[in-house]
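Q: Please take a close look at one part of this model, its contacts with a ligand and with a partner chain. I would like the cut-offs stated along with the values.

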Amino acid sequence: MISLTILVVVLVIPALFADLIAPHDPYKAYLRNRLEPPLFFGGTTEFILGTDRLGRDILSRILHGAKYALSISIVGILLGAAVGTALGLIAGYLRGMADAVIMRVVDITFALPSILLALALATLSGPSFQLVIFVVIFVIWGYFARQVRAETLVLREADFVARARVAGASDLRILRKYILPNIVNTIVVLATLQVGVVVILEATLSFLGIGIPRPTPAWGLLVADGRQLIVSSWWISFFPGLAILLTVLSVNLLGDWLRDRLDPKLRQV
Amino acid sequence: MSDEPVVEVENLSRHFAVSRGLFGGGAAMLRAVDGVSFSLARGETMALVGESGCGKTTLARMLLKLLEPTSGRIRINGHDLEGLSGEALRRFRTDVQAVFQDPWASLSPRMRVFDIVAETLVINERLTRTELERRVHEALTAVGLPLDAARNYPHEFSGGQRQRIAIASAIIARPSLMILDEPVSALDVSIRSQIMNLFKDIQDEFHCSYVIVAHDLGTTRFMADRLAVMYLGRLVEFGPTDDVFERPVHPYTQALLSASLPLDVDGTHKPIILKGELPSPLAPPSGCPFHPRCQSVIGEICSTQEPRTTAVGNAGATVACHLAEAAGAPSAL
Amino acid sequence: MARFITTRFLQALLSLLVITLIVFSLSHLTGSPIDALLPDDATQAQIDNLTRELGLDRPLHVQYFTFLQNAALGDFGDSTKWKGSSAAEVVIDRLPATLQLGGLALLISVVVAIPLGVVAAVRKGSSIDAVASVIALLGQSLPAFWLGLVLMWVFAVILGWFPTSGYGGVTHMVLPAIAMAWFQIAALTRLTRSAMLEVLDAEYIKLARVKGVSERAIVWRHAFSNAAIVPITYFGVLAGSLLTGSVVIETVFAWPGAGLLAIDAIRGRDFPVVQSVVMFFAVFFLLANFLVDILYAVIDPRIRHQG
Amino acid sequence: QTVTMTMTPPAVETNRYWNTPGDFALGPALQGLVGHNPETGAFDNSGLAESWTNNDDLTEWTFKLKPNAEFHFGYGPVTAADVVHSLELHTGPDSILNGISQLEGAVAEAIDDHTVKFTLPAPQVDFLFVHGGRGSLVIYSKAQFDAEGLEGYDTKPAGSGPLQYASRDVGRGLNFEKVEGHWSGTDVGYDRLELEFVAEPATRLARLLAGEADIAVLPREVQGDAIAAGMAVIPSTRASNQTAMLFNGTFLQPGDEALDKSLPWLDIRIREAINRSIDRNTMIDVLYDGRAEVLPVFAMDPRHEGYSQALADKFDAAYGFDLDKARALMAEAGYPDKFENPVIPILSSNLAGNPEFPTMAELMQVFLEEAGFQTEIVEMDWAGLGGLRNARAAKMFHPMRNMPVKPSAVGIRNYYSAAGRPRNNYEDPEVEVLMDEYMQSTDPDRRNELAAGIFDRVFHQYAVVPLASISAEVVVNPKTIEGWLYPGVTSVGFSHFENVDVNE
Amino acid sequence: MIGEPVLEVRNLKTHLMVKAGPLPVVDDVSFSVSAGETLGIVGESGCGKSMTALSIMRVLPRPIGRIVGGEILLRGEDLVSKSEAEMTAIRGSRLGMILQDPHTSLNPLHTVGNQVIEALRINDRRGAGGSLPARAVAMLKKVNVADAERRVHAYPHQMSGGMKQRVVGAIAISGAPDVIIADEPTTALDVTIQLQYLQLLQEIQAETGMAMIFITHDLGIVANLCHRLIVMYAGRIVEEGTVRDVFKAPSHPYTEALLNSVPAVNRKVDRLYAIDGQPPKLTQTRVGCSFAPRCPYADDTCRSLAPSPSPGLSGSGDHRASCWKQERGA
Ligand SMILES: Nc1ncnc2c1ncn2[C@@H]1O[C@H](COP(=O)(O)OP(=O)(O)OP(=O)(O)O)[C@@H](O)[C@H]1O
Ligand SMILES: Nc1ncnc2c1ncn2[C@@H]1O[C@H](COP(=O)(O)OP(=O)(O)OP(=O)(O)O)[C@@H](O)[C@H]1O
Ligand SMILES: [Mg+2]
Ligand SMILES: [Mg+2]
């Protein structure tokens, strides 16, 4: 599994052990070493991937940034998936009014331009980690709700659910023991495929100035901040961009692979 | 064993509201089951046959209390299913069990065989783990599965084995009635016989009654003591299996029986080939619903008047056909 | 079909009503516009004056109902930032630019992604399939603003093939449209491919083969027409994300569309314009989905004939 | 020949100047009464007024208009009536002009066709600033208003400058064209001026390098790239902008309810320590590419009242980078233990025209943490900060600019005195006493003394963290633009577009 | 009347290239059908009946299906070596096929009329007169679709299963093919409808004299419809012969067991005959006779050596079975 290896190397190990492996403090500004190019491009081994305009070590910032990429993905997707799954289950299982209401709400969240919403909220409360998480949840929960609902609609008619009813299982038991376990795969695959969406979303929010607040070395913020110097000091945005690319790439590969293994029926959503 | 029947069904109907779209305007009523009555004695097997969509599954699901009837009543072991709750409902849930058609769809792929088989007991009875294990092993043995199957997941088994697991989970609570909805249709011929024999063995061992839905008449003949023939939601003929097979009264029953081609290479079998298609259940023909395809229409009465259910013979057999009425048989109801 | 369309339409209207409520409360949550609209040395008198003028001193529900009433007539009040124009005018002024760009992006994504997805599915496992999946993966791995800047540098500054940015003819639209379409190409390719794979497995494809239909006709007439339902359903989502994407792309390419306007309006706390631009986006999205539903029914007789 | 200048979008796009906070965009076409010298930035009669006089107590100002001045598009000569009309527009209820408070209560009276007299409720030494530097009062044509109403201004406002309004593409830019045979005899060296509004700096750079723009306003950060590609920087002749970090909420007048006693920087030792934690030369390198000067007192400028060379000389001793001193002061003040909430919130915000503010905040954090302060960066938009300042609740250490560099009275009022409420940040009783007299005084020497006194007070109180004094800068393509002489004293720094010297 | 052999399959081997390796789904299968003859293929699910049919049509699942050996001779022409374009021309016009499930085998987006017209247009061998729509109506009438003039405009979902299968039949015979392969065409139909359909197929065959391969699970149908029969087990033919010969004297234990396990309709029995065990998985390497694990007669030879078809059993000359019991008996 190449994708898994990349993922572990680029995302997981840095996220867990950044403190140990990062050569520098990611916040420390070596003001004398501002805008040093990376090694092999005129730089030194001191700052392998170069430094930014405050002289902070790009490599260390990327390594520490993995933490944020991982935590936004995990927290945002977990919550988004939880909300979406719960509501999708309710909609698909109860049908009728609950279904109509929940699906309408999904439509509405899709209809509202999420970026504008985020911008509006950011003017209200200022950008924050919580805001990014909120936007992530807002953007992804609907996909989970739709997919889970669709599968629940099918599963509730499955013979094994009928058999459970015959055995006297309550609705709650049916949902918990029969329906949920059978959509877990879908949720896992969908969640994996959302990681890319989330990392890109974080970058986009940073571009608009409403991402994770500085000086946090979130990848998106690094790319967004470095974009001004894309020509002369390309390394500032290039390497974090590469980290995003590799992560999204490998997570998608992993998701595809998982889908093939766990859930060949799941459509690309 | 008392003489009280296991199942008594009186004038049972189930209608579905189906929207008909642009031209229908509003919802139409689909009479999936329409005025069906019969009763089944303890320890006996009744088969439901008929063409696709005639309401067999709907009827079976009402017997399982998975669907509520639109009208009519069902009594199982003397208890009216309507308004069953609390302890009575729990007793009912252990007393009536089911095996469905598709062995691939009827077992949750995420549960171990042990949990699948134990489910009814876990829900309805408080048993110790050891007691539970004993009962599961008993059930697995009864259906001829090795005990270590309990640890595995359904996908590790073949269709036949999966159907055995389903049967094990149905018999674990020692039900007095089992509803079998086409339990072997999805299986290969060579496996079918194994399962049918198993049902017979189980009936001998546990003394339960069966209501079996079947397409295959050979299976029916083998299993059933009583045969119920349905057409468009109605019970057109009901009686002891052997009688119906040997002396079918209703023209539809006759056609249905003859449509099953025997392994006869000499070409002596002359099947009755019906005209026309099965009418839409949304717009059943007037009068006798079978009249447009019937090979023995006796006159205008068939298309204008619904035949009454008439008793024939003395074994509780009934038939709904103007032909039988004309023959002067007394009305059953 | 009439009933199908009517229900869909009513559903969309209902959604819209809820959206008005959200939009209204959001813009009122986001802080007073006064601070953005008045100078640093504004006096209290000026502040009070503007508050009254904008009606911000009235109770919230009164403000909402007024808002709703006017919104129904397409009147979102006067822009506070673009003085002299009503908010709706400002948005309507800018909408065509966004639609042009979005339209071109949509066209590019469809033209690239659909054939690519179809061919990838038909030649599953081939090198084309591999190329398609690489494209699909890369498309989802790059932030659009970054891609936009890189495209601008390479194709406009260094190679000089296109203008860097700004409003103008088709040449001005090429780079932003590509940057905007990039992600969509990826999504659409994947979607088309998997839908095609599913359909190619269907029995009626087998039947078409055994009745001697040529491969091309099978792929396009039989398989694609069925598979198309999936990408078509996606067009609704696509329309939405193109609008959302316009915010970023228009900023990068200085494209004077509604996305750029939205940002300016939010930053400048121009409530009326924010409300009107979000409502326009929502209406556009709901409309696109509504059209998709109709298209869906037109294509698929099963839906056409159902209630 | 067309000159294209690409720049940050203005806050508000409208032809009604008084509906902007001081949007200079119409500057090329519309003029005020007073102009300035492009080299010294001093007020001169290059505007619409030929000369002016004032009474002794500075409450009456009489302007004599140039008799040959004419509006564009045939709206006739510029008369006193136009001035009266314009004053009404600018002081009307929907005016949001920055600095318009200086015109509050002013009455304009047409003495004759070309003479207009302003009567002010209080003496104003800096009245010319309203007409020139600040550019707050711009003269619109009354004739046009009478003929077409506001709509006329919306579609095609007539001005009187050497360039005339051509068109506005909302969201994109604003275009002007040369006036042939301008009444003033000024001959603009090109035919058309296009101002393009492009929010993204990288895009502006790309436009400049691709030859799509001749002049670009770029953050200093990216100017290096432009210079490397052969572009040239043209700075304003004078300082245009002063930057500082303010300790907001330092309301030290006794009994002020807005004072939050938990703010660490209420202790002067902390304020000094913070000032001494900062290596201003490095900051200027990082933020301004070295092209700026250390600013001794925020709002003090040699061009204006109260300038004190002594303070400038003392600056290094009092404010110089000295971590040991900073740490010693912190220890003395008992930081952090003595403070309820010892975290210093540093505001990071984007402000059009000051793209370096977020970096400034980050850098500030770097320095303060190095010294041992606990800090946190708070992100907020400028309007959000404005709201907090209005409510006197902005308990933050935040960037601020003084642009254009204002007359001392205005600067002191805005930043150091209760008179600047609601948006001021520092108040102490001693300054209030001096300020009261300063506001009333009309005697230049006394005023000078008072202003100097205030600057001395805030200097020694470490009332703010003064940072830099910078010129406005544009980056031009030397192939098309030879030079541009502009003083940098207007609200965004740019003026004198007729001086843009194009390569033939 | 039964005439010349039209289609001859010789030593056909088809593999599916699945992840685990090549799956020998059709393994050395040989048979032939003649004009006017109906050949039945029976066997349990997964024994390779459909794969045999798809191999003949050359429409194996892509890209995993591959014919790896043998010949398929249609009037002497080998189909295995034909190009894809040539096969496209042959399909529909010389080889027709009816698929199992009428509910999924018609394109839901096109009217049935158009689907018939498409087939007519492609397979127009005779250049017959009449407009295509008119001929489509005629085609539908030929397969006894009532109210054909109206039904040509109907979409598949508006028709019953039996009707759809008739349409599929009409499509299959639209090119007047030499051979028609029906892969379980009635399994999804109700018994009464099934009878109608079988009758229709018989009528058409009688009229056109085409050869028919009829794949089914239902031995009753074979008894009543087919002339000859092959019995497949795990990708191989285990027995072959005329229906009369095979039914009267089944020579392979598998055939015998199959026949025995059909429950009788006309009499009541106490116990059904059951074959123990399961069919083998094709992924397992096969040693000996595939049926040996389930065979009551199996001995060590059966378990170690694969039997080959032995001809010359009772009855007409071409009754053969692949079984050691027969070899030993012979
Ligand atoms: N939930 C439902 N809503 C609407 N109609 C239904 C519903 N369930 C069943 N029907 C209709 O009721 C009729 C009887 O269905 P049922 O499933 O009982 O038939 P069946 O005899 O079991 O058929 P099969 O042999 O195909 O299983 C059919 O026409 C069916 O379409
Ligand atoms: N797409 C596929 N991928 C992998 N294996 C397949 C595929 N299609 C068929 N097989 C395998 O090929 C073998 C032969 O299948 P085939 O469809 O010919 O059986 P059949 O005799 O027609 O069965 P049925 O009676 O169920 O139609 C089976 O073992 C099946 O599992
Ligand atoms: Mg059923
Ligand atoms: Mg098959």
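A: A residue is taken to be near a molecule or strand if one of its heavy atoms lies within 4 Å of it. This is a predicted model, in which local features need pLDDT of at least 70 and side-chain atom pairs count only at pLDDT 80 or more, while totals for chains, interfaces and linings use all residues. Residues are numbered from 1 along each chain as its sequence is written, chains are lettered from A and ligands numbered from 1 in the order in which they are written, and side-chain values use heavy atoms, with hydrogens and water left out.

Ligand 1 is surrounded by 14 residues, and B:Ser52, B:Gly53, B:Lys56, B:Thr57 and B:Thr58 are the closest. By class, five residues of this shell are nonpolar, six polar and three charged; Ala, Val, Leu, Ile, Met, Phe, Trp, Tyr, Cys and Pro count as nonpolar, Asp, Glu, Lys and Arg as charged, and the others, Gly among them, as polar. Two elements of chain B, β2 (27–40) and α2 (56–63), each give at least two residues to the shell, and α2(B) has the largest share with three. Such elements are DSSP runs, numbered from the N terminus: helices (H or I, at least four residues) and strands (E, at least two).

Oxygen atoms of ligand 1 lie 2.7 Å from a polar side-chain atom of B:Ser52, 2.8 Å from a polar backbone atom of B:Gly53 and 3.1 Å from a polar backbone atom of B:Gly55. On its own, ligand 1 has 630 Å² of accessible area (Shrake-Rupley method, 1.4 Å probe), and the protein covers 64% of that.

Chain B also meets chain E. Here 43 residues of chain E are in contact (heavy atoms within 4.5 Å) with 45 residues of chain B. The buried area, meaning the accessible area (1.4 Å probe) lost by two parts on being put together and summed over both, is about 3,600 Å², with 56% from carbon and sulfur atoms. E:Leu195, E:Val265 and E:Lys268 supply 18% of what chain E buries against chain B, more than any other three residues.

Four salt bridges cross this interface (side-chain nitrogen of Lys or Arg within 4 Å of a carboxyl oxygen of Asp or Glu). One of them pairs B:Asp201 with E:Arg271, with the closest N and O atoms 3.0 Å apart. On the side of chain E that touches chain B, α7 (191–208), α8 (219–225) and α9 (243–248) of chain E each give two or more residues. The largest share, seven residues, belongs to α7(E). That side comprises 20 nonpolar, twelve polar and eleven charged residues.

Definitions and conventions. Polar contact = N/O pair within 3.5 Å; in protein donor to acceptor, adjacent residues only side chain to side chain.
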